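The structure is shown first, and the description follows.

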Amino acid sequence: MIERMIESLERWRGRRVAVAMSGGVDSSLAASLLARAGAEVVGVHMRTQPSPPGEHARDARAVAASMGFEFHDFDLSEMFRGDVVDPFIDDYLAGRTPNPCAICNRRLKFGALLDRALSLGAEAIATGHYARVRMNEAGRCELYRAADGSRDQTYFLFGLGQEQLRRAIFPLGDLKKSDVRELARELGLEVADKPDSVEICFIPGNDYRRFLAQEAGERLEGREGVIVNASGEVLGRHAGAHNFTIGQRKGLGIAAPRPLYVVGIDNDTQTVTVGYEEELLAQSLTIERVNWVSLAPQAEPLRARVRIRYRSPGFMGMIFPEPDGRARIEFDEPVRAITPGQAAVAYDDGGDERVLFGGWIRKE
């Protein structure tokens, strides 16, 4: 398998390539494969906290040293705070459920970090993302789902433009996660069995409520409100609508003959509306800031499979592009828990493989 993977990267032989090294097994294997394919590898690490380099940076540097290529640790903490963390807080306080990874990929990893890589003379940047890029006959880069569907990360990459995709290398796109671990052990990488990072990298323990309480400070004061049903009947009170997300069931503190779910959040009045599961269903949504990925911008309606969250299986529907960077999506069947702030990403009908476009779900 190693020979096959190296052969797939042969076109980078003798060319300078930066590898975004997080210190984990995925990016470390990507670097190792490119080095063995003859690329001139330079490791780049994106530090997101202003503190001295931590465990991940040290692991990334150690992997680079073990393979004998240069390594650069860039402090992008100020930009990360302004472009990722602060908007995350703002979204929650505005009644939206944010998607920071998609923003980070577009603005930081394939934005600021790519710029740093190019300044070092690199032609492209490789990452440990599970995704695939191909060039079509017209010269447009197309983004495809990874071979390992359970690890596919194209949902978080929908915001990349053509120039970013032209300079992106995803060496792991054709591998299963189990293959990655096996290859890393075979190549003697010390991080072969290092646990994967999970959830949102800047939120300890994935406790976003505690994070908001610590970071938002006075902005959370006076945000108490009521929990109501669809008829406006008050069922309870809460300490702030930012503590709720669409589709949430746990933590409502309301007794009912059937399970209740959050079906609406009004940030202006701090009103949280709950209802039964069928009230979560909707058959359409609007997205804004649409980014056309594998397709050139379209004006005519088209049919596609749309994922409305990372673990979404995708739902068939018609997409109606609008001239202002928005699009209306009409699903064949009602879908559950459409959540403002999340992304809607469209894939080819008949295979769910090629990413057509994506955009941000608008709060109606």
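## Terms and model

Strands are DSSP runs of E that hold at least two residues, and they are numbered from the N terminus. The model described here is a predicted one.

## The second largest pocket

The second largest pocket has a volume of about 520 Å³, and its lining is made up of 24 residues, among which S8, R11, V133, I169 and F170 lie nearest the centre of the pocket. By residue class, the lining of this pocket divides into 13 nonpolar, 2 polar and 9 charged residues.

Several elements contribute to the lining: helix 1 (2-8), strand 5 (131-135), helix 6 (162-166) and strand 7 (168-169) each supply at least two residues to the second largest pocket. Strand 5 provides the largest share of that lining, with 5 residues.

An open sheet is built from 4 strands in the order 9-8-11-10, and its pairing is mixed. Strand 9 (234-238) and strand 10 (261-266) are the edge strands, each of them pairing on one side only. On average, and with direction ignored, neighbouring strands of this sheet are turned by 25° against each other.

Within the sheet, strand 8 (residues 225-228) pairs with strand 11 (residues 271-275) in the parallel sense, over 3 bridges. Which residue of strand 11 does V226 stand opposite? The residue facing V226 in strand 11 is T271.

Terms used: Residues are numbered from 1 along each chain as its sequence is written. This is a predicted model: local features need pLDDT of at least 70, side-chain atom pairs count only at pLDDT 80 or more; totals for chains, interfaces and linings use all residues. Side-chain values use heavy atoms; hydrogens and water are left out. Two strands pair if DSSP finds at least two bridges between them. Axes are lines fitted to C-alpha atoms, for helices over the stretch in contact, and angles run from 0 to 180 degrees between N-to-C directions. On a 1 Å grid over the protein atoms alone, a cavity is a set of points where a 1.4 Å probe fits but cannot get out, and a pocket is an open set with protein on both sides within 12 Å along at least five of seven lines; lining residues have an atom within 4 Å of a point. Grid points are joined across faces, edges and corners, and a volume is the space filled by probe spheres set on the points. Ala, Val, Leu, Ile, Met, Phe, Trp, Tyr, Cys and Pro count as nonpolar, Asp, Glu, Lys and Arg as charged, and the others, Gly among them, as polar.
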